[in-house]
Each structure stands twice: as C-alpha cells, then as structure tokens.
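Dear colleague,

Please find below the structure that I am handing over to you. My notes on it follow.

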Amino acid sequence: MDDYFDIAIIGLGCAGSHIAIELLKQNPDIKLVVIDNAPSILHKKWSFWEKGIGKWDHMILKKWNHGVFKTDQGSIELDLYPYVYKTINSVDFIAFAKAELQQSNHSTFINATVTNVDEKNEEIKIINHTNGTIHTKLILDSRIDDQFFKDQKAITLQQHFKGWTIETVDDHFTPDCFTMMDYSLRDSDTTSFTYILPYNSRKALVEFTYFSTELVEDNIYDDYLKRYIDEHLKIKDYKIVEIEKGIIPMTTYNFDRHHSQHIYKIGTAGGWVKPSTGYSFKMTEKKAATLVHNYLNGLPLLTDLFTKRFSIYDSSMLSVLRDFNDDGPTFFHRLYDNNDIQKLFKFLDEETSLAEEISIMQSMTSLRMIKAFFKSLS
Ligand SMILES: Cc1cc2nc3c(=O)[nH]c(=O)nc-3n(C[C@H](O)[C@H](O)[C@H](O)COP(=O)(O)OP(=O)(O)OC[C@H]3O[C@@H](n4cnc5c(N)ncnc54)[C@H](O)[C@@H]3O)c2cc1C
C-alpha cells in the first residue's frame, strides 16, 4: 500500500471510528488512513439511548428499560419504552473500527502521533507523523484547536466527573433501573449530582458529576462518592474495582472557524458534543453518517450537520446553567416532571417538531429561562 489516500482521519476516537465504519460500509474501495496515538487501555463507558434494537447491540455491556431522576422535591420514574438506555466500552467500539480498517484492502490504521499538517499544496495535503509521512486529498481532524481553550466569549461549562465501579457483598442495586441524575446530595450552590449504572444487583458504576465552570480537586469527588454510597445507598461493605474520570466540554464555542477547504474538524473539535448534555455517542453516529453521505454525493461536507434552532436551545440552557448554577436541580426537575422521557430524548436527539419544542420550553419557563433565551438570540 502506498502512502497516498483519499481521506485521512486524525484520531480513532468516537468520531474517527464512527466515520471510518460508515465510510468503509458505504464505499469499501475508499483509500482511507486513520492515525491515532492513544494507548489501547483507555476504557471509557459510553452510554446512549436509542429505540429498541441497535447497530452496536453486539458489544453492549448492559441496557436498561427504566430510569429514575431524583431531587429533594421527589423521585420521578422514567419508563423508557420504546427507548432503551445502553452502555458500551469505548475500547470495544474502537477495536471494531480498527478491525474494519484492517480487513479492508485499501485502508489502514497507523499508530503514531500527528506532528504537523502541511496545507500549502492545493490538491494534496501532507501529514507528518512520528512514523513517517502520508499524502491525502482530505483530512478529518479530531484534534481540538488551542484557540478553544483560550476563548473567553463562548458559554463554556465543564461536565466533570469521577466514577467508581463498586462491587458489594449483598444485593443493593435494581439491575433494570439506572439513575439519570440524583441531586439529593450535591456540592452546595452547584449543579452537581450522582449518576448510577447498575450492572447487576451487586455491581454498579457510581459517578459524582458537575456541570460547572470550575473544576474541583480529586479528593472532592472521592468525598461525595463515599458519602453517597454510605448515606444514600446505605452500603457499608464494598470494594472499588474500577475508576473513571472525565471532563467533557459543554460549549457554544463556534468550532466552524477551524475548518479549512480540505481540512475539517470532527468530534469535540468540530462541535459534535451536544452542548446542553455532554452526550456525544449517538449525535456523532448521526453526524458521521451525514458527513459520509455528503462526501460520497459530492455535497459540501457540512451540509445539514447542524440545525440553528437547536443551537439556540442549547445556548439558552447553558446560559441558565452558567448564570444560575445553584438552580440546576430545579431546572432539571421541571424538565423531567413536566415532559415524558420519550419527548425529552426526541428533543435531545434534535428530532422534535417546533410545537413539541415550544411545549418543552413552556414547561421549564421561569423568568430566568426567558431572559437566557432572549440573551442567546442576540
Ligand atoms: C470517562 C468518560 C466517560 C464518558 N462517557 C460518555 C457517555 O456515557 N456518553 C457519551 O456520549 N459520551 C461520553 N463521554 C464523552 C465522549 O468520550 C467524547 O465526547 C467523545 O469521545 C469525543 O469524541 P472525539 O472523537 O472528538 O474525541 P476522542 O474520542 O477523545 O478521540 C480523539 C482521538 O484523537 C487522538 N489524537 C489526538 N491528538 C492526536 C495526534 N496529534 N495524533 C494522533 N492522534 C491524536 C486521541 O488519541 C483520541 O483517540 C465520556 C468521556 C469520558 C472521558
């Protein structure tokens, strides 16, 4: 195989994998190269909702038909049908994408760090990496531009969290019911909550999460996790078998400015993470399919990737959460209490009609929300 390709993807993470899988499915003869430098031990649990049977069911770790949302004002049962909440291991998904690449006659994976991209040549771009050089017509790049981290104008919150997978001696968890958000223990005056994925009655991921502008020291998550397990789950005897930590940007930053004619940013770097939730797996699957369709049909690559009105809803939600971070539990309680979960999932998947969106907005309406909405339009 020579080193000239139709497309080079930098990063075989969530976005790079989705695009590679979709491209190879739609056009097995494409000359595709994916370059990534990640060690293969970075396990993340990727959760998402979808209706019924899905494409990734063969690698699912666990699925749930029920959920619960809790605040001091009460507990809301979420009967998800026809949706199912599912979790996969990122390592399995990336391994699947890598296997697809390796099976292809014209495509390949390179384990290296991209050090430089030479854009000067109109037709062919050159990528330098730690193991050599490749030439390509188009680059899809998962590297986040440094400007994002320096930006002061966009509304940016961090979804930051630490989770312990614990095993208990006795039965403590309801295996078919996950906890979307439990605000009954929170860091004062912040939007912070516990998220629980029970794998069986004696094993669960318990995660303490913030939606906030500032990060916290590691021991703060540990203190809340200990307290939650002790005081709320009433579990005394457990062992921690796995730890996960993460920071996911929730932002209105305009990533579009970092595309150029033959180099497009994808994934987090392209603004593919849903700003108001931090979820990205399913959104990325959808955007990857649209991008591949555009490429194969000779359309501008970003056609139909974003919908303006959903960007406005995301901005207004982020604006409320940033300006009134103490109010998060009330805001989310209103959202879950006044709308069925099917409508919320449809809304977060950006599949609702304008009438449904208006009814969701009305259900949350407070003076703060209205102010934030009009601020996000300006
Ligand atoms: C612990 C954790 C749990 C999460 N849980 C969920 C969840 O439940 N649901 C959900 O939807 N999202 C979840 N997320 C968020 C999700 O992982 C991200 O939104 C998603 O991975 C972003 O996709 P991406 O392709 O932009 O970046 P990534 O998946 O991070 O992939 C980027 C890739 O680019 C590679 N790379 C970067 N620079 C270079 C370079 N110079 N050369 C070569 N390669 C390079 C990196 O090694 C990496 O593999 C979680 C995140 C974490 C950290």
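**Domains and basis of the model**

The chain is divided into three parts: domain 1 (4-41 + 89-149 + 252-296), domain 2 (156-250) and domain 3 (308-377); domain bounds come from an automatic or database domain assignment. This is a predicted model, in which local features need pLDDT of at least 70 and side-chain atom pairs count only at pLDDT 80 or more, while totals for chains, interfaces and linings use all residues. Residues are numbered from 1 along each chain as its sequence is written, and side-chain values use heavy atoms, with hydrogens and water left out.

Between domain 1 and domain 2, the C-alpha centres lie 32 Å apart. Contact (heavy atoms within 4.5 Å) is made by 8 residues of domain 1 with 8 residues of domain 2.

**Nonpolar cores**

A nonpolar core is a set of buried Ala, Val, Leu, Ile, Met, Phe, Trp, Tyr and Cys residues joined through side-chain atoms within 4.5 Å. Buried means under 20% relative accessible area, exposed over 50%, and partly exposed in between (1.4 Å probe, protein chains only). The largest such core has 39 residues, and M181, F332 and Y336 have the most contacts inside it. Domain 2 and domain 3 both give residues to this core, so it lies between them. Y336 touches F69, I76, L78, M180, M181, I341 and L344, if residues up to four places away in sequence are not counted. Another core, of 33 residues, lies apart from it and includes A15, M59, F93 and L291.

Helices (H or I, at least four residues) and strands (E, at least two) are DSSP runs, numbered from the N terminus. Two strands pair if DSSP finds at least two bridges between them. An open sheet of 3 strands has the order β3-β7-β4, and its pairing is antiparallel. β3 (45-51) and β4 (60-64) stand at the edges, each with a single partner strand, so one side of each is left without a neighbour in the sheet. Strand β7 (residues 83-89) is joined to β4 by 4 bridges, and K63 stands opposite K86 in β7.

T87 also belongs to strand β7. Is T87 buried or exposed? T87 is buried, with a relative accessible area of 0%. Its side chain makes a polar contact of 2.7 Å with that of S47. A polar contact is a pair of N or O atoms within 3.5 Å; within protein, one must be able to donate a hydrogen and the other to accept it, and residues adjacent in sequence count only if both atoms are side-chain atoms.

Yours sincerely
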